[in-house]
Amino acid sequence: MGHFAEMARQRGGREFEAWQSIAGPIRDAATLAEVFVRLQTAYGERPALTMAWTGAPDGAVECLSHARLGAEVMRAANHFRRLGVGPNDPVLFLALPTPEAYFGFWGAQVAGTVVPVNPFLSITALVDIALAVGARVLFASSAAISPLCAQKAAEIVARCPGMRLVLCD
C-alpha cells in the first residue's frame, strides 16, 4: 500500500474507500515523484493544471497537460538536486502562483522539502525562518512577476550566508 493510501486508510473507512475508488494510477504510489510519473503515463496530454489569469469568463487561460506538468516538475527537482537539495533539505518558497511556481514548488518537494513563506512578512521574520529551518536554497518570483518577492528574496540571500537563489518568471 502506498503512502497516500495508508494516510487515507488511517483516517477511516469511508475516506479510504473513496480514495481507492478515485486514486486510479496513483493508488500505490510511494513518492511524489512516482505520482507525477504515473499521472504522465496515464493521462498524457489531458489537462492537469489550468490557470485563469484574470478570472473573467472570456479571460486568458493557460492549460498544462499532465505530460508537461510532470516533465517540468521533474526538471525543477533535478535543478534543485544539482544545487545540493537532498531528501531532508528545505527550500524556502517565496513565489506567487504561476505555472513556473507550481513546477518549482512540486520540484522542491520531490527533491527535498518546501517551506512556503508569506511575502508580506518582514525581512527579519523571513530571514529568521530561513535560518531556523536551515534553508540553503530560496525559490522566488522574479521582479517581472512580483517586485515585492524579488526584492525580499535579494535581501534574504544577502543576509543568509551560502543561500542560493532560484528566480522564476
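How do the axes of helix 3 and helix 4 cross, and within what distance do they come?

1. Basis of the note. This is a predicted model, in which local features need pLDDT of at least 70 and side-chain atom pairs count only at pLDDT 80 or more, while totals for chains, interfaces and linings use all residues. Residues are numbered from 1 along each chain as its sequence is written, and side-chain values use heavy atoms, with hydrogens and water left out.

2. Overall make-up. The protein has seven helices and six strands (DSSP runs numbered from the N terminus: helices are H or I of at least four residues, strands E of at least two). From the N terminus on, their order is α-α-α-β-β-α-β-α-β-α-β-α-β. Of the 169 residues, 41% are buried (under 20% relative accessible area with a 1.4 Å probe, protein chains only; exposed is over 50%, partly exposed in between). Among contacts (heavy atoms within 4.5 Å) between residues at least 6 apart in sequence, 63% join residues at least 24 apart.

3. Helix 3 against helix 4. The axes of helix 3 and helix 4 (residues 66–82) come within 8 Å and cross at roughly 155°; axes are lines fitted to C-alpha atoms over the stretch in contact, with angles from 0 to 180 degrees between N-to-C directions. Helix 3 is therefore roughly antiparallel to helix 4, a label for angles over 145 degrees. On the helix 3 side, A33, F36, L39, Q40 and Y43 take part; they meet H66, A67, L69, G70, A71, V73 and M74 in helix 4. By class, this contact has nine nonpolar, three polar and no charged residues (Ala, Val, Leu, Ile, Met, Phe, Trp, Tyr, Cys and Pro count as nonpolar, Asp, Glu, Lys and Arg as charged, the others, Gly among them, as polar).

4. Aromatic pairs. The structure holds five aromatic pairs, meaning rings of Phe, Tyr and Trp (its six-membered ring) with centres within 6.5 Å; planes under 30 degrees apart count as stacked, over 60 as edge-to-face and the rest as tilted. The rings of F36 and W106 have centres 5.6 Å apart and planes at 50°, so this pair is tilted. Because F36 lies in helix 3 (residues 32–43) and W106 in helix 5 (residues 99–111), the pair ties together parts 70 residues apart in sequence. F36 is buried, at a relative accessible area of 8%. Ring pairs also link F80, F93, F105 and F139 into a cluster.

5. A buried loop residue. T98 is placed in the loop between strand 3 (90–94) and helix 5, and T98 is buried at 7% relative accessible area. Neighbours within four places in sequence aside, T98 is in contact with M51, W53, I145, C168 and D169.

Terms used
Angles under 35 degrees count as roughly parallel, over 145 as roughly antiparallel, 65 to 115 as roughly perpendicular and the rest as oblique.
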